[in-house]
Amino acid sequence: MTTVEEDESPELSPLAARLADVVAASRTGRIGIEVLRGAAHEADPSLAGAPDGRARLRELCDELAGAGVVRLPRVGGTGWDALPRPALPRFVTRVGRPGLVLDPPDVRPATATAWHAQLRWVPAFLRDEDPSDAERALLDGVQRLLVDGGPRDVVAVQERSLRLTGDEQALDALRRGRLFRPGRLTPELLGIRRARWEPITRTVGDGRITLLVENVATWESLADALPADGAVGRVVWGMGNQLSTVLTALADGPGHPGELSYFGDLDVGGLEIARRGAETAETLGLAPLRASTLYTWLLDEGVPQPGSLPVGDVAELTAWLPPVLHEPVAELLGAGERLAQEWLGRELLAEADDLRDLR
């Protein structure tokens with residue numbers, strides 16, 4: 001290694017100089033903190049598990065930044081892991097070190113970082129299973145969490161996700177995938193749980209069907225009108241496009257929702273909500289989400305209003321409905337019209353002869 005005169009290049013501590021070698025050898029300009037942590041632990045094993053290990057790593061990052069080797073993320077941005085203190089950058093960006101010529105060092109790739117004992121399966125996963133960027137980001141975050149002593153409390157998934165990946169939604173999606181297969185990550189390891197929230201629901205009787213309703217006005221009218229001895233035992237507000245969230249809460253809540261029925265607007269948006277809800281119910285292991293018989297009644301009683309034309313194949317939108325409704329609903333949508341579920345309101349429900357068979 002050939003260097004310029006000392007007065008032209010800031011002198012680094014031996015460990016910081018080792019990390020500068022790692023930065024210079026990186027194939028990308030952005031270097032994750034786990035790469036630096038692994039190299040630091042390799043060069044100085046006393047860092048691993050040391051009470052002040054995090055603080056010493058932060059000092060090394062500051063030293064590299066002060067020497068112009070790297071640039072730290074923007075203060076206050078998502079590029080920082082703020083807790084526990086001191087804050088650590090999730091990555092550094094190489095900016096070069098003027099006048100320094102480096103021989104290529106023998107640096108192990110990031111996939112060979114000294115992973116925490118509870119992540120000993122990770123190197124094989126990284127080598128063999130072509131992980132996505134989101135999966136890599138999560139594993140890096142979990143490594144930081146465990147090296148820093150593990151979770152101090154059990155928190156909502158979204159809160160932990162933001163700390164680990166910088167994206168509050170990433171973990172909720174990934175925890176249904178291969179990273180959470182037996183022997184890999186677990187909710188207990190990460191200290192996560194679903195946020196405690198209960199859907200707005202009304203028990204109307206002992207019927208086996210749970211009816212989910214897209215809009216709150218129709219939910220209230222049906223909950224007031226349905227008889228106690230009917231097929232529907234519970235009416236739940238589907239909260240519009242939050243249906244998947246509501247279904248998840250039902251799956252996690254006490255008791256089992258039994259058979260599931262859904263009633264929403266007959267328009268492009270309403271049918272897309274229903275389609276996604278049916279997929280969520282299947283993923284959660286719930287009973288199939290079926291179309292309520294109220295849709296037939298809505299076609300008979302409702303007055304079409306102007307709506308949006310389908311962008312794609314109408315058949316995909318209508319596929320969730322029973323076959324007998326495919327053609328009339330396709331005609332409705334193809335004409336650029338819609339039917340709001342509020343046509344089946346309190347007054348019409350009160351005039352019905354018998355609502356016991358509604359499902």
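Helices (H or I, at least four residues) and strands (E, at least two) are taken as DSSP runs and numbered from the N terminus. The structure is a predicted model, in which local features need pLDDT of at least 70, side-chain atom pairs count only at pLDDT 80 or more, and totals for chains, interfaces and linings use all residues. Residues are numbered from 1 along each chain as its sequence is written, and side-chain values use heavy atoms, with hydrogens and water left out.

Ser161 lies in helix α6 (residues 157-165). Ser161 has a relative accessible area of 0% and is therefore buried (under 20%; exposed is over 50% and partly exposed in between, with a 1.4 Å probe and protein chains only). Apart from neighbours within four places in sequence, Ser161 is in contact with Gly166, Asp167, Glu168, Gln169, Ala170 and Leu171 (contact being heavy atoms within 4.5 Å).

Most residues other than glycine have a negative phi. A positive phi, near 50°, is found at Asp130, in the loop between α4 (122-128) and α5 (133-147). Asp130 counts as exposed because its relative accessibility is 66%. Met239 also has a positive phi, near 60°, and is placed in the loop between β10 (232-237) and α10 (243-252). With a relative accessible area of 27%, Met239 is partly exposed.

The axes of helix α12 (residues 294-301) and helix α14 (residues 323-334) come within 11 Å and cross at roughly 35° (axes are lines fitted to C-alpha atoms over the stretch in contact, and angles run from 0 to 180 degrees between N-to-C directions). Tyr295, Thr296 and Leu299 of α12 and Leu325, Pro328 and Val329 of α14 make the contact.
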